[in-house]
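Hi there,

Here is the structure I promised to pass on.

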Amino acid sequence: MALAAIIGLHCLVAFASIVFQKGQTSVIEYQQTVMAAIGDSAFLNCQLMQSKDVTQVTWQKILPEGKTDLATYNKDFGEIVMPGFQGRVEFIDAGLQNSSIVIRNVMDQDEGFYRCLFNTYPDGAFTATTYLQLYELHEAFLHVRESSSSEELVVSCSATGRPAPTVTLTVPHYNSTSVTNTNGTVTVTTTAELSRLHGNSTRVGCTARVLSGPQRVVYELIPEVKPVDGETHF
């Protein structure tokens with residue numbers, strides 16, 4: 001990672017820490033981290049757990065250079081989504097005690113810190129900050145091919161995602177390799193060797209997952225193989 005990017009990330013984390021320290025987050029129920037797949041929708045929620053006279057709820061995106069307002073809900077003027085975010089950001093629950101928004105079709109630039117801010121009178125502002133973490137996972141591909149040995153088959157499964165996916169096979173003793181692609185995704189390939197000689201058909205499965213998001217699962221049935229008169233037959 002370039003030095004400038006590392007410095008920028010440290011500044012962003014430091015800025016977010018300041019927000020946590022200033023905000024009275026103990027009275028707000030919220031998720032510290034929300035995960036969403038690129039292209040899907042991300043849902044953010046904050047609930048004020050104490051009864052307060054809330055005049056406005058504001059949702060903001062925290063940036064290294066400051067912050068930008070996404071949407072507000074005011075008890076007098078209702079819902080307002082700021083220009084530039086209309087059509088992508090919507091209120092799901094536009095309340096003064098409980099507030100939820102959705103960010104549709106999330107993209108790389110949407111990853112980062114978001115803040116909900118409850119403006120109250122006379123107690124001032126109560127805030128909480130959520131980190132939106134994006135991931136990407138494509139379909140997994142399972143292949144069975146001939147080995148250089150006449151008594152073995154090679155089973156391999158590959159999946160591409162960001163960050164690097166975890167790819168596992170339902171057989172013991174497999175190896176994994178990874179390749180970083182030009183678009184920042186990582187292709188992980190897991191390979192195992194199986195004996196060609198077995199008395200029953202073998203069902204081999206592959207599971208691919210990024211972080212704790214949904215997993216991709218594929219299966220391949222290897223037919224029964226038996227030696228007959230010195231030859232191997234399917």
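To start with a question: are Y73 and F91 buried or exposed? Both Y73 and F91 are buried. Please keep in mind that this is a predicted model.

Those two residues came up in a search for aromatic pairs, which found 2 in the whole structure. The ring centres of Y73 and F91 are 6.4 Å apart and the planes stand at 65°, so this pair is edge-to-face. Since Y73 belongs to strand 5 (residues 66–74) and F91 to strand 7 (residues 89–94), the pair ties together parts 18 residues apart in sequence. Another ring has a charged neighbour: R203 lies over the face of Y219, at 3.8 Å from the ring centre.

Next, the cores. The largest nonpolar core has 28 residues, and the members that touch the most others are I28, C46, W59, F118 and L132. Beyond its neighbours within four places in sequence, L132 is in contact with several residues, including V34, A36, I103 and Y114. There is also a second, separate core of 21 residues, with A37, L137, C157 and A159 among them.

Strand 9 (residues 112–120) deserves a look too. Strand 9 runs antiparallel to strand 4 (residues 54–63), joined by 8 bridges, and R115 in strand 9 is the bridge partner of Q60. Strand 9 is also antiparallel to strand 10 (residues 124–137), with 9 bridges between them. There C116 stands opposite A128, and a hairpin of 3 residues links strand 9 to strand 10.

Best wishes

Note on methods
Residues numbered from 1 in each chain as written. Predicted model: local features only at pLDDT ≥ 70, side-chain atom pairs only at ≥ 80, totals over all residues. Heavy atoms only, no water. Core = buried A, V, L, I, M, F, W, Y, C linked by side-chain atoms within 4.5 Å. Buried < 20%, exposed > 50% of the residue type's maximum accessible area, 1.4 Å probe, protein only. Contact = heavy atoms within 4.5 Å. Pairing = 2+ DSSP bridges. Helix = DSSP H or I, 4+ residues; strand = E, 2+ residues; numbered from the N terminus. Phe/Tyr/Trp six-rings, centres within 6.5 Å; stacked < 30°, edge-to-face > 60°. Lys NZ or Arg CZ within 6 Å of the ring centre and 35° of its normal.
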